[in-house]
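Take a look at the structure below. We will go through its ring pairs, and then its sheet.

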Amino acid sequence: MLLDAAQAARENSYSPYSRFKVGAAVLTDDGKIFSGTNIENSSYGLTVCAERNAIFAAASAGHRKFKALALITQKLKGQKFNSPCGACRQVMSEFLSPDTPIYIAVLDGNKRTAYCKKLSELMPFPFDKFTEK
Ligand code: THU
């Protein structure tokens, strides 16, 4: 399932600077799964998050419509889960409709706990200059 793909991608995280591994996966409207992980750079600002890498992999293969996105990180002390960064939310809003489920999972040792939010909850007012509302 989608979270397994995200978790597998997380194993390939290139994150020597933050040591924070993230995995993500998207489900296309025709049932295909594309995954991505965070890839950091010694020029820190060039880092690309797992969510964007997953979406861009799918979009690069020609997909434009998605049913769900999942991401997974390790559980941080004092935090229930890690929600996606603002840049990734904007990129999600380009391709995912507002009611798309975003599964956010955390790993606490081997224990995986998943939460579900709609994209519209995470990103209520995306920038969209092409659509009249
Ligand atoms: N990161 C993601 O992959 N996704 C997010 O939504 C937030 C942050 C990555 C970027 C960087 O490699 C590491 O997590 C720490 O910020």
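Three aromatic pairs are counted here. The rule takes rings of Phe, Tyr and Trp (its six-membered ring) as a pair if their centres lie within 6.5 Å; planes under 30 degrees apart are stacked, over 60 edge-to-face, and the rest tilted. The model is predicted: local features need pLDDT of at least 70, side-chain atom pairs count only at pLDDT 80 or more, and totals for chains, interfaces and linings use all residues. Residues are numbered from 1 along each chain as its sequence is written, and side-chain values use heavy atoms, with hydrogens and water left out.

Start with Y17 and Y44. Their ring centres are 5.5 Å apart and their planes stand at 45 degrees, so this pair is tilted. Where do Y17 and Y44 lie? Y17 is in the loop between helix 1 (2–10) and strand 1, and Y44 is in the loop between strand 2 and helix 2, so the pair ties together parts that are 27 residues apart in sequence. Helices (H or I, at least four residues) and strands (E, at least two) are DSSP runs, numbered from the N terminus. Y17 has 39% relative accessibility, so it counts as partly exposed. Y44 is exposed, at 58%. The cut-offs are under 20% relative accessible area for buried, over 50% for exposed, and partly exposed in between (1.4 Å probe, protein chains only).

Next come F81 and Y115. Their ring centres are 5.0 Å apart, with planes at 40 degrees, so this pair is tilted. F81 sits in the loop between strand 3 and helix 3 (86–95), while Y115 belongs to strand 5, so the pair ties together parts 34 residues apart in sequence. Y115 is partly exposed, with a relative accessible area of 22%.

Five strands form an open sheet with mixed pairing, in the order 2-1-3-4-5. Two strands pair if DSSP finds at least two bridges between them. Strand 2 (33–37) and strand 5 (111–118) are the edge strands, each pairing on one side only.

How do the strands pair? Strand 3 (residues 66–74) and strand 4 (residues 101–108) run in the parallel sense over six bridges. I72 has A105 in strand 4 as its bridge partner. Strand 4 and strand 5 pair in the antiparallel sense over eight bridges. Here the bridge partner of L107 is R112 in strand 5. These two strands form a hairpin with two residues between them. In the turn, G109 has a positive phi of about 65 degrees.
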